[in-house]
Amino acid sequence: MILGYDSETSGLPRWHDPSDDPRQPHLIQLAMILYSMDGTEVDRFSSIVKPGPGCVMEPEAFNAHGISLERAMDEGMDPREAVTKFLDWAGRAKLRVGHNESFDRRIMRIAAARHLGFKWDAEAPAFCTLYKSKFIVNLPPTPKMQAAGMPGPKAPKLSECVQHFFNEPLEGAHDALVDVEASMRVFWHLVNELKVPMFKARRAA
């Protein structure tokens with residue numbers, strides 16, 4: 001199986017702090033699509049998730065996804081159920097796919113630590129559509145990158161990948177299910193049309 005997934009959160013991870021640090025952001029929305037290895041959709045899931053105690057919604061996060069804490073508390077599913085479902089699907093997958101996948105992986109690790117009491121470690125490899133597209137989309141470096149001496153190219157947003165590959169705008173970005181559908185569309189284009197390998201080549205012994 002191949003698992004495409006995306007999360008929306010209350011803020012950005014504290015990358016240098018432990019996943020069980022109470023200051024870490026909360027999972028607010030989770031979407032997943034499960035495929036067979038040939039690209040046939042097997043199942044999909046999308047839900048707002050109730051935040052845990054002490055959650056503070058960062059303004060930048062709310063401006064991105066538009067889900068208030070009040071709405072998440074009213075409409076969200078139990079976070080333990082959401083994380084358990086993710087762990088089940090992730091455990092069935094031979095490959096995880098996401099745009100900036102390391103961000104969503106860290107969010108799910110934080111959620112598992114917060115709601116289930118253990119630090120989840122991903123077993124299957126990942127395919128990040130951001131990094132696999134970076135040198136293909138080949139966006140120029142930003143002024144900030146140039147000032148820091150970073151030559152580029154700039155890491156493409158999911159909307160920039162959709163525009164580049166399909167000449168279409170991405171409508172409804174930062175809804176987790178919209179983003180999963182878009183990232184998987186990019187994934188299958190990279191794999192099937194541009195022949196980007198799904199898996200890293202194994203090093204010779």
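**A buried alanine, a mixed sheet and its helices**

A93 has 8% relative accessibility and therefore counts as buried, a word that stands for under 20% relative accessible area, with exposed meaning over 50% and partly exposed lying in between (1.4 Å probe, protein chains only). The model is a predicted one, in which local features need pLDDT of at least 70 and side-chain atom pairs count only at pLDDT 80 or more, while totals for chains, interfaces and linings use all residues. Residues are numbered from 1 along each chain as its sequence is written, and side-chain values use heavy atoms, with hydrogens and water left out.

A93 lies in the loop between α3 (79-92) and β4 (95-98). Helices (H or I, at least four residues) and strands (E, at least two) are DSSP runs, numbered from the N terminus. When neighbours within four places in sequence are set aside, A93 is in contact with M1, I2, L3 and A124; contact means heavy atoms within 4.5 Å. A separation of 23 Å lies between the C-alpha atoms of A93 and I28, which are 65 residues apart along the chain.

The next topic is the sheet. Five strands form an open sheet in the order β3-β2-β1-β4-β5, and their pairing is mixed; two strands pair if DSSP finds at least two bridges between them. At the edges stand β3 and β5 (126-128), each of which pairs on one side only. From one strand to the next, the twist averages 20°. Such angles run from 0 to 180 degrees between N-to-C directions, and axes are lines fitted to C-alpha atoms, for helices over the stretch in contact.

Within this sheet, strand β1 (residues 2-9) and β2 run antiparallel and are joined by eight bridges. Here E8 stands opposite Q29 in β2. Two helices pack on the sheet. Helix α3 touches β1, β2 and β3, and its direction makes about 30° with that of β2. Helix α5 touches β4 and β5, and its direction makes about 45° with that of β5.

Strand β2 (residues 27-35) also pairs with strand β3 (residues 41-48), in the antiparallel sense and over seven bridges. In this pair A31 is placed opposite S46 in β3. Five residues lie between the two strands of the hairpin, where G39 takes a positive phi near 100°.

Helix α5 also packs against other helices. With helix α7 (residues 158-166), helix α5 (residues 129-137) makes an angle of about 50°, and the axes are 11 Å apart. The two helices are therefore oblique to each other: angles under 35 degrees count as roughly parallel, over 145 as roughly antiparallel, 65 to 115 as roughly perpendicular and the rest as oblique. The crossing of α5 and α7 is left-handed, meaning that the near helix is turned anticlockwise from the far one by less than a right angle, whereas clockwise would be right-handed. From α5, S133, I136 and V137 take part in the contact, and from α7, C161, H164 and F165. These residues comprise four nonpolar, two polar and no charged. In this scheme Ala, Val, Leu, Ile, Met, Phe, Trp, Tyr, Cys and Pro count as nonpolar, Asp, Glu, Lys and Arg as charged, and the others, Gly among them, as polar.

The axes of α5 and helix α8 (residues 176-193) come within 10 Å and cross at roughly 55°, so α5 is oblique to α8. This crossing, too, is left-handed. T129, K132, S133 and I136 of α5 meet S183, V186, F187 and L190 of α8. By class, the contact has four nonpolar, three polar and one charged residues.
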